[in-house]
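Biologist: I have a model open and want to learn how to read it. Where do we start?

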Amino acid sequence: MQPAVFITRPIFESVLTQIASQCEVKRNREDRTLSREELFAGLAGCQGVLCQLTDRMDREAMEHAPELRVIANIAVGYDNIDVASATERGILVTNTPEVLTETTADFAFALLLAAARRLVEADQFARSGQWKQWKLDMLLGTDAHHGTLGIIGLGRIGRAVARRARGFQMIVLYAGPRRASPEVEQELGARYVPLETLLRESDFVSLHVPLKPETRHLIGAPQLALMKPTAILINTTRGPVVDEAALVEALREGRIQGAGLDVFEREPEIHPGLLVLPNVVLAPHIGSGSRQTRLRMVELAAENLLAALSGQVPPNLVNRGGH
Ligand code: GLV
């Protein structure tokens, strides 16, 4: 008998066809996040689930799927999944690393440049007919080139951002729980410093740590207070890594200069304070959102799902200790 799989949201047709050739597919055809009850009903009787970062796969959800063997998340981040509970139940958890590294790093840099050079303000200024004449001091921004970039979390995406920074002849500092090898440091021209030093010295601070209990509100009022008044904060990881209320205060009071944000504490809600600030560039969590990469992510998630269901070790197993 073919294993039963629940697909929580519409995915690309080619991948759906592939999964359907090997599994009995149950799916949500509407492109919206399911309610808890709908998620529970969908999971019932399934051995596999292909889910997204908007699906909270916690203990309660797993209790509704006693036969579940694999949770394949279409995302590199997996803070939406209670991995400990999954491991306890012998459920494999997989994510989609690597395929989105360069795309997400591109987007972090896009936010950095847009915030530094006030691109969104400039676009609005040009469209709204306010542009009457060329002016020497019109919409002046900050140079990215030769600036100091502080990368918090030098993992795959952090390193890809550092490589881009080299092209802009930036000084690259990094902080985080793990120090890179001397070879990587040398290749990237990145210097390992304590977080406080990074915050004090950087013109741009870009966040690349995953969301975990120890990284929740990693950047709060005390950390923002260490940053330069001219500094710009970039967040393409997960919203709760930053204390959004503290960030609004810091931006409002000019304690830092600006921010480029792709992720928020309570998505899709955005703190109302951010919405009215001109010195922030906001995006609706689209860091990995290129056509090519989103397809690769879904393909990889399906590969993980099918491997697990056929008794193989999936290529991107998160809870290695589980089996
Ligand atoms: C997106 O945020 C991801 O984790 O892939």
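Predicted model: local features only at pLDDT ≥ 70, side-chain atom pairs only at ≥ 80, totals over all residues.

Biologist: Which residues line the largest cavity?

Modeller: Asn235, Gly239, Val242, Glu244, Leu247, Leu261, Val263 and Phe264 do. Glu244 is charged.

Biologist: Now the domains. What bounds does the domain assignment give?

Modeller: Domain 1 is 4-98 + 291-322, and domain 2 is 101-282. The contact takes 8 residues from domain 1 and 5 residues from domain 2.

Biologist: How far apart do the C-alpha centres of domain 1 and domain 2 lie?

Modeller: The centres are 31 Å apart.

Biologist: And how should I read the area buried between domain 1 and domain 2?

Modeller: Take the total, then the atoms behind it, then the residues. The buried area is about 600 Å². Carbon and sulfur atoms give 44% of that area. On the domain 1 side, Asp79, Glu98 and Thr293 lose the most area to domain 2. Together they make up 65% of what that side buries.

Biologist: How many salt bridges does the rule find across the interface of domain 1 and domain 2?

Modeller: There are 2. The rule also finds 3 residue pairs in polar contact across this interface. By class, the domain 1 side that touches domain 2 has 4 nonpolar, 2 polar and 2 charged residues.

Biologist: What joins the side chains of Glu98 and Arg156?

Modeller: A salt bridge, at 3.7 Å from N to O.

How values were computed: Residues numbered from 1 in each chain as written. Heavy atoms only, no water. 1 Å grid on protein atoms, 1.4 Å probe; cavity = no way out; pocket = protein on both sides within 12 Å on 5 of 7 lines; lining within 4 Å. Domains from an automatic or database assignment. Contact = heavy atoms within 4.5 Å. Buried area = accessible area lost by both parts, 1.4 Å probe. Salt bridge = Lys/Arg side-chain N within 4 Å of Asp/Glu carboxyl O. Polar contact = N/O pair within 3.5 Å; in protein donor to acceptor, adjacent residues only side chain to side chain.
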